[in-house]
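Please look through the sequence and the structure before reading on.

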Amino acid sequence: QVQLVESGGGLVQPGGSLRLSCAASGSTSTIYVMGWYRQAPGKQRELVALITSGFVTDYADSVKGRFTISRDNAKNTMYLQMNSLKPEDTAVYYCNARKPIAAGSYDYWGQGTQVTVSS
């Protein structure tokens, strides 16, 4: 089992910045990829960014150049630095961790943290 707890969301003006954190606990040693997803009202959950255990990263086109994903394995924590925020970035942001299982992989999710970009 893996437990994920997000923090750092809030209200920010357009052009501002926020840093989200995701603290992982439990059986974290075999997590091979972690990511941030978001879900806006009336929309499907979408991938924002991911980072592998080897620190390879990937981003949605909509956030490239503005968001940076990172992880500190010693602290079992993942971060999402969000700069130049836009109103369309408003969503609930979820932390995800993926582990291998016999049948493939299993996803763990945090409870989500609200990010609101508004003037």
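Which residues of the largest nonpolar core touch the most other members?

The model described here is predicted. Its largest nonpolar core has 30 residues, and those that touch the most other members are Leu-4, Met-34, Trp-36, Leu-80, Met-82 and Tyr-93. Two or more residues of this core come from each of strand E1 (2-7), E3, strand E4 (33-39), strand E5 (46-52), strand E7 (67-72), strand E8 (77-82), E9 and strand E11 (113-117).

Met-34 gives a view of these surroundings, for when neighbours within four places in sequence are left aside, its contacts include Leu-4, Cys-22, Ala-24, Ile-69, Met-78 and Cys-95. Ala-49, Leu-50 and Ile-51 are also among the residues in contact with Met-34.

## The disulfide

The structure holds 1 disulfide, formed by Cys-22 and Cys-95, whose sulfur atoms are 1.9 Å apart. Because Cys-22 lies in strand E3 (residues 18-26) and Cys-95 in strand E9 (residues 91-101), the pair ties together parts that are 73 residues apart in sequence. The angle about the S-S bond is -70°, and the link of Cys-22 and Cys-95 is left-handed.

## Aromatic pairs and a charged neighbour

A search of the whole structure finds 2 aromatic pairs. In one of them, the rings of Tyr-37 and Trp-109 have centres 5.0 Å apart and planes at 70°, which is over the 60 degrees required, so the pair is edge-to-face. Tyr-37 belongs to strand E4 and Trp-109 to strand E10 (residues 104-109), so this pair ties together parts that are 72 residues apart in sequence. Tyr-37 counts as buried because its relative accessibility is 16%, whereas Trp-109, at 36% relative accessibility, counts as partly exposed. Tyr-106 and Tyr-108 also form an edge-to-face pair, with 4.8 Å from centre to centre and 70° between the planes. Here Tyr-106 counts as partly exposed at 43% relative accessibility, while Tyr-108 counts as buried at 14%.

Arg-45 is placed against two aromatic rings. Its charged end sits over the ring of Trp-109, 4.6 Å from the centre, and Arg-45 also lies over the face of Tyr-94, at 3.8 Å from the ring centre.

## The E7 and E8 hairpin

Strands E7 and E8 pair in the antiparallel sense over 6 bridges, and Asp-72 has Thr-77 as its bridge partner in E8. The two strands form a hairpin with 4 residues between them, and Asn-76 in the turn has a positive phi of about 50°.

In a regular strand the side chains alternate between the two faces of the sheet.

## Val-115 in strand E11

Where is Val-115 found, and is it buried or exposed? Val-115 is found in strand E11, and it is buried, with a relative accessible area of 0%. Not counting residues up to four places away in sequence, Val-115 touches residues including Gly-9, Gly-10, Leu-18, Leu-20, Met-82, Ala-91 and Tyr-93. The C-alpha atom of Val-115 is separated by 25 Å from that of Val-56, a residue 59 places away along the chain.

Technical notes: Residues are numbered from 1 along each chain as its sequence is written. This is a predicted model: local features need pLDDT of at least 70, side-chain atom pairs count only at pLDDT 80 or more; totals for chains, interfaces and linings use all residues. Side-chain values use heavy atoms; hydrogens and water are left out. A disulfide is a pair of cysteine sulfur atoms within 2.5 Å. A nonpolar core is a set of buried Ala, Val, Leu, Ile, Met, Phe, Trp, Tyr and Cys residues joined through side-chain atoms within 4.5 Å. Buried means under 20% relative accessible area, exposed over 50%, partly exposed in between (1.4 Å probe, protein chains only). Contact means heavy atoms within 4.5 Å. Rings of Phe, Tyr and Trp (its six-membered ring) pair if their centres lie within 6.5 Å; planes under 30 degrees apart count as stacked, over 60 as edge-to-face and the rest as tilted. A charge sits over a ring if NZ of Lys or CZ of Arg is within 6 Å of the ring centre and within 35 degrees of the ring normal. Two strands pair if DSSP finds at least two bridges between them.
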